[in-house]
Amino acid sequence: MNDDFRVPLIIRGQIIDDGDVLYGGRRGGVSFRAPDLAKYVADLPLRTPSAMADLYSLRFEEILDFLVALGERLDIGRNRHLQQAFRLSCLTSGLSESILRRHFQHMGATFDRGEMRRMMERSCGVDYLEGWVDQGPSIFPGLSARTRAFGARAVHVIAGNAPIVSILTVIRNALTRSDAIIKLPSNDPLTAAAIVRTMAEMAPEHPLSRHISVAYWKGGDELVEPVIYDPRGIEKIVAWGGFDSVKHITRYLQPGIDLITQDPKLSGTIIGREAFADDATMKQVARRLALDIGAQNQEGCVSGVSAHGTD
């Protein structure tokens with residue numbers, strides 16, 4: 001039994017690392033220690049929505065500046081928190097060490113300024129994040145409409161099957177000016193914690209650091225979840241994972257809380273007769289098919305299911 005891993009509790013820039021409770025992981029008997037969240041749970045939810053005003057003092061370009069600077073600090077060769085996260089992931093993840101190493105080595109590159117801007121343009125449009133956007137003439141004479149995207153107080157129940165889930169959660173929370181409580185997964189409890197801890201050490205008083213928290217608790221904890229899943233403190237639950245995980249969360253849904261699910265998906269590849277036209281084409285298709293089926297060792301949600309046919 002390996003119990004030398006410590007998972008911190010990070011509440012709005014404050015790092016708590018007392019490791020009171022020993023938790024068992026999912027694979028190979030690996031365990032880790034984390035604070036007893038029942039002692040601190042009342043401090044996690046943001047009870048006053050107006051406390052998010054400091055996020056709106058930031059321009060979108062300033063948010064990008066912060067994230068780019070964060071990405072520069074996510075170098076596994078120098079960041080001891082990422083080194084520990086990688087070491088634990090190698091023991092608990094379904095991904096191979098070589099795939100995990102590539103993920104961790106390229107983590108900082110994910111915080112590319114241009115790609116983060118494109119991410120937001122694709123999803124809602126940067127103009128809507130920056131201010132009120134005129135929607136044009138109204139069907140009612142003399143009236144006009146303007147729309148703006150506002151952040152939310154949210155709990156993110158993230159999956160641990162690939163490090164990218166933690167990365168995207170941190171990036172999206174910042175770009176949308178939201179307030180996040182990240183529930184760490186037992187098969188990867190350190191990756192998101194490593195990123196957020198780096199944020200806290202980089203700029204503990206920055207609005208983006210003060211509007212993200214990470215915590216581990218065992219799902220179903222009656223001393224923790226009724227306090228967190230309360231519409232006075234959160235508005236949305238973003239849940240990754242399978243049926244059991246999402247079903248468990250639904251017991252806390254009530255007016256004032258929306259559930260956004262990132263369910264597992266199945267994809268299909270149809271191979272037409274053109275693929276068998278000649279040897280060169282068949283080899284090219286076979287390589288593409290192998291990548292489609294085998295991406296991420298079948299652990300990531302990008303993995304495919306193939307349907308073969310000659311018609």
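How are helix 4 and helix 6 oriented to each other? I began my entries with this question.

**Basis.** I am reading a predicted model, in which local features need pLDDT of at least 70, side-chain atom pairs count only at pLDDT 80 or more, and totals for chains, interfaces and linings use all residues. Residues are numbered from 1 along each chain as its sequence is written, and side-chain values use heavy atoms, with hydrogens and water left out.

**Overall.** I looked up the secondary structure and found ten helices and 14 strands (DSSP runs numbered from the N terminus: H or I of at least four residues for helices, E of at least two for strands). I noted that 44% of the 311 residues are buried (under 20% relative accessible area, 1.4 Å probe, protein chains only).

**Helix pair.** I found that the axes of helix 4 (residues 113-123) and helix 6 come within 11 Å and cross at roughly 70 degrees; axes are lines fitted to C-alpha atoms over the stretch in contact, with angles from 0 to 180 degrees between N-to-C directions. The two helices are therefore roughly perpendicular to each other (65 to 115 degrees). Met116, Met119 and Met120 of helix 4 meet Leu168, Ile171, Arg172 and Leu175 of helix 6 in this contact (heavy atoms within 4.5 Å).

**Core.** I then examined the largest nonpolar core, which has 60 residues, with Leu67 and Leu175 making the most contacts inside it (a core is a set of buried Ala, Val, Leu, Ile, Met, Phe, Trp, Tyr and Cys residues joined through side-chain atoms within 4.5 Å). Helix 6 (residues 164-175) gives the most to this core, with seven residues. Apart from this core lies another of 22 residues, including Val157 and Ile234.

Technical notes. Buried means under 20% relative accessible area, exposed over 50%, partly exposed in between (1.4 Å probe, protein chains only). Angles under 35 degrees count as roughly parallel, over 145 as roughly antiparallel, 65 to 115 as roughly perpendicular and the rest as oblique.
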